[in-house]
Amino acid sequence: MKKRNFILNSDNIENLENFSEILKKDFSTIINEALEEYFEKKQKNLLEKNISDENAMTSLDFDEFWDDVDI
């Protein structure tokens, strides 16, 4: 796995320090748990948006759907 560098703002560092002490977890565990929750939430939002967009494309009522169809 390729190493990446990133920067945390001072508020997040302070929260990491505080919650690490409170929860008795190391920084890596807290960050990984937070990222897992973030990605799950974003994936759910994207799926809901895709379903919503798909429904918007197929929201014709009965008359609109069958208009101009000759049987």
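A residue is called buried when its relative accessible area is under 20%, exposed when it is over 50%, and partly exposed in between (1.4 Å probe, protein chains only). The structure described here is a predicted model, in which local features need pLDDT of at least 70 and side-chain atom pairs count only at pLDDT 80 or more, while totals for chains, interfaces and linings use all residues. Residues are numbered from 1 along each chain as its sequence is written, and side-chain values use heavy atoms, with hydrogens and water left out.

To begin with the overall fold, the protein chain contains three helices and zero strands, giving the pattern α-α-α along the sequence. Helices (H or I, at least four residues) and strands (E, at least two) are DSSP runs, numbered from the N terminus. Of the 71 residues in the chain, 4% are buried.

Ser-20 lies in helix 1 (residues 10-23) and counts as buried because its relative accessibility is 16%. Leaving aside residues up to four places away in sequence, Ser-20 is in contact (heavy atoms within 4.5 Å) with Asn-15, Lys-25, Asp-26, Phe-27 and Ile-30.

Lys-25 also takes part in a salt bridge with Glu-33, with 3.0 Å between the closest N and O atoms. A salt bridge here is a side-chain nitrogen of Lys or Arg within 4 Å of a carboxyl oxygen of Asp or Glu. Lys-25 is partly exposed at 29% relative accessibility, and Glu-33 is partly exposed at 36%.

The whole structure holds two salt bridges. Glu-48 and Lys-44 also form one, their closest N and O atoms being 4.0 Å apart. These residues are about one helical turn apart because they stand four residues from each other in helix 2 (residues 27-57). Lys-44 is exposed at 51% relative accessibility, whereas Glu-48 is partly exposed at 43%.
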